[in-house]
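Welcome! Please take a look at the sequence and the structure, and keep both in view while you read.

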Amino acid sequence: MTKPSSHQSYQELCNQIWSHNKAYYVDHRPVISDEEFDHLMHQLEQMEKEHPEWISSASPTQRVGEMLTEGFQTVAHRTPMLSLANSYSKDEVQDFIHRVKKLTRSQDVAFSCELKMDGIAISAQFEKGIFVRGITRGDGKKGDDITQNLRTVAAFPLQLIGPSAPDFLEVRGEIFMPKQVFQKLNAEKELEGEDLWANPRNAAAGSLKLLDPNETRRRKLDVVFYGIGQDSQDALTSQFTCHALLKSYGLPILHQVEKCHTLEEIWEFVEKVRTLRASLPFEIDGVVIKLDSLAEQKRLGSTGKNPRWAVAYKFAAEQAETDIYSITVQVGRTGVLTPVAELKPVFLAGSTIARATLHNEEEVLRKDIREGDSVIIEKGGDVIPKVVLVNFDKRKSDSHPWKMPTHCPSCGALVARSVDEVAVKCPNTLHCPEQQLRRLIYFAGKFAMDIEHMGEKVVEQLVRLGFVKRPSDIYALTSEQLFQLEGFKTKSVENLITSIEKSKDVSFSRFIMALGIKHVGEGTAELLAKRAGNVHILMQMTTEELLQIEGIGEKVATAIVEYFADARNQEEIQLLLQRGVLPQEVKSISHKGHPFDAKTFVLTGTLKQYTRPAAATLIKERGGKVTNSVSSKTDYLLAGEDPGSKLDKAKSLQVRILTEEEFQAMLD
């Protein structure tokens, strides 16, 4: 973009930045990279230096951080929460060090170096050790009151530890979604045919600001703290020692923190973090460098929107350029059509990328992505490959815009469009082969019946040979049929028959998941299982009865009632039951006294008697909780074969490690 040279183009630049700001903070669908956004802001700042008479209170330079969300009370910060200035090179970090030394009039300056979390900045206030309020950064001066949602974060303590807690304490930290949780929830969204989150940061932002705290709780957010806004004792002198103080209060902190004095020491920390980045259970996007002396921080103050005593060094997203061979269209189990870029394979961030989702038709048209284009791709949140932009200089002269097919590529039905949704759908729910296939893959998959040895390729063969058309057909398969599958010998057939038989004994919540009811995810399935107890009662529940279940809204209740009112679904459930599928009834019993009650488990490695999802269900049914990562709050690590790094961490934290035999003994 060329530099604005008129008041009109200045206004256009302001509007452009606000548009990107909304896409990032409100819609949680960023359109450009952080570096591109910072470049636009830099252009605006330069223009305002040359024409200060143009600056208005509506300029993006007069605000910092997130826009406010409707539905939450706005609360003023006691102390402004300013955003950090960004740097992208070693030279820029060196410039920051020089500025600090000049401002402090000292050559012997210490810095506290920390991880730059890629999450949502928050403030939490405690009075006499009790949590009273949580606030998002908002515009830096005021933010959204998220007190109730913050209470749902398992790692967040509602009361400080120890007798030395000050009368008033305001701490600063970051809410985030762990990578494993993000991947799991995105997998569920993909199976539902919904748009995927671009990265864990956007997922956390959307989850934290849900108006229903119960739904926020099911998103399994996490939190860390790294600073103090106000402390009535006012005894702390060092940012570096701040972390130990926060930990002593029982607050979760970042452990990768170092005190540095020179650029070389800082850069050594930067490179160490860069190496660790992929192995961390959460996303970071750089390193924060802070003047260690809190007294000097206070004396240096801020420029109005950035503190003078800190800077963020941001890692550039790892990108690669490749070509789009073609744009194909996938049909999900709910009928949603999703465009996918088929790429010339390229190595990026540790893996070879040959495909990248383009999300929806609107995304393709907005970025003007075409077959044959040379494109820049990156891993969103270092997880999901995405097309960032097109290299228009390399576009071929015979190129033409891509169009969404007017007919389903699987069954040929005319696609349906809705004014309320971005998604384009195939309406041929019953007879579209691809929808049928995706529903069967989902039914057999790990989120549902969890049938081992029945992966996507096996299901595809069973469908192609005509052996399976609907889920109940799986339980009528014979050995003679399975021997016709490519590569299947005696052992393969025996393994699959055993797995199918084993899957018949399924928890009620997983059986509900397997039915594929619209809007019903894992958390909702567990709520339904606990309330109904068995499938016969669930099938008879009314909308009013469902709405009485905390956490179930009108949209979900309506979808459940409509599903069970369909005679074809009723027939399928009866066939599953007749062929031996036996959802375990959930009895309303007390867990008190059971060894699992109120205990937190982490599962790792390969178990012999159970799949990990089955073991997790047994734990939950007995009052326990299952999390993805080992922490000081973990009570037990259930370790199978090839347990990996979780075992080492459990040992270091002195978490009790259970063998499968010990687990079985406690279970009984």
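**Before we start**

This is a predicted model, in which local features need pLDDT of at least 70 and side-chain atom pairs count only at pLDDT 80 or more, while totals for chains, interfaces and linings use all residues. Residues are numbered from 1 along each chain as its sequence is written, and side-chain values use heavy atoms, with hydrogens and water left out.

**The whole chain**

Let us begin with the overall picture. The chain has 24 helices and 24 strands; helices (H or I, at least four residues) and strands (E, at least two) are DSSP runs, numbered from the N terminus. The chain is as compact as a globular protein of its length, because its radius of gyration of 27 Å is close to the 26 Å that the globule rule gives for 668 residues. That radius is taken over C-alpha atoms, and the globule rule is 2.2 Å times the number of residues to the power 0.38. Along the principal axes, the C-alpha atoms fill a box of roughly 85 × 70 × 50 Å.

How much of the chain is buried? Of the 668 residues, 49% count as buried, where buried means under 20% relative accessible area, exposed means over 50%, and partly exposed is in between (1.4 Å probe, protein chains only). The accessible surface comes to about 32400 Å², and 50% of it belongs to carbon and sulfur atoms; such areas come from the Shrake-Rupley method with a 1.4 Å probe, and for residues only the protein chains shown count as cover. Among contacts with a separation of 6 or more, 67% are between residues 24 or more positions apart; a contact means heavy atoms within 4.5 Å.

**An antiparallel sheet**

Strands of a sheet pair through backbone hydrogen bonds, either parallel or antiparallel. Here, two strands pair if DSSP finds at least two bridges between them.

Strand 4 and strand 5 pair over six bridges, and phenylalanine 126 stands opposite phenylalanine 131 in strand 5. These two strands form a hairpin with two residues between them, and lysine 128 in the turn has a positive phi of about 50 degrees. Further along the sheet, strand 7 (residues 168-176) pairs with strand 8 over eight bridges, with glutamate 174 opposite valine 224.

Another open sheet of four strands has the order 22-21-23-24, with parallel pairing. Strand 22 and strand 24 (656-658) stand at the edges with a single partner strand each, so one side of each is left without a neighbour in the sheet. Its neighbouring strands are turned by 35 degrees against each other on average, direction ignored.

Strand 21 (residues 600-604) has five of its five residues buried. Thr600, Val602 and Thr604 point one way, while Phe601 and Leu603 point the other way. Three bridges join strand 21 to strand 22 (residues 625-627). Phenylalanine 601 stands opposite valine 626, and valine 602 has threonine 627 as its bridge partner.

**Helices lying across the sheets**

The angles below run from 0 to 180 degrees between N-to-C directions, and axes are lines fitted to C-alpha atoms, for helices over the stretch in contact.

| Helix | Lies across | Angle |
|---|---|---|
| Helix 22 (residues 612-621) | strand 21, strand 22 and strand 23 (636-639) | about 170 degrees to strand 21 |

UniProt, in an unreviewed entry, lists Lys116 for "active site"; its positions are given in the numbering used here, feature names are shortened, and annotations may be inferred rather than shown by experiment. Lysine 116 lies in strand 3 (residues 111-117). Is lysine 116 buried or exposed? Lysine 116 counts as buried because its relative accessible area is 18%. Leaving aside neighbours within four places in sequence, its contacts include Asn86, Asp285 and Lys314.

Glutamate 92 lies in helix 3 (residues 90-104). With a relative accessible area of 36%, glutamate 92 is partly exposed. Not counting residues up to four places away in sequence, glutamate 92 touches Asn86 and Ser87.
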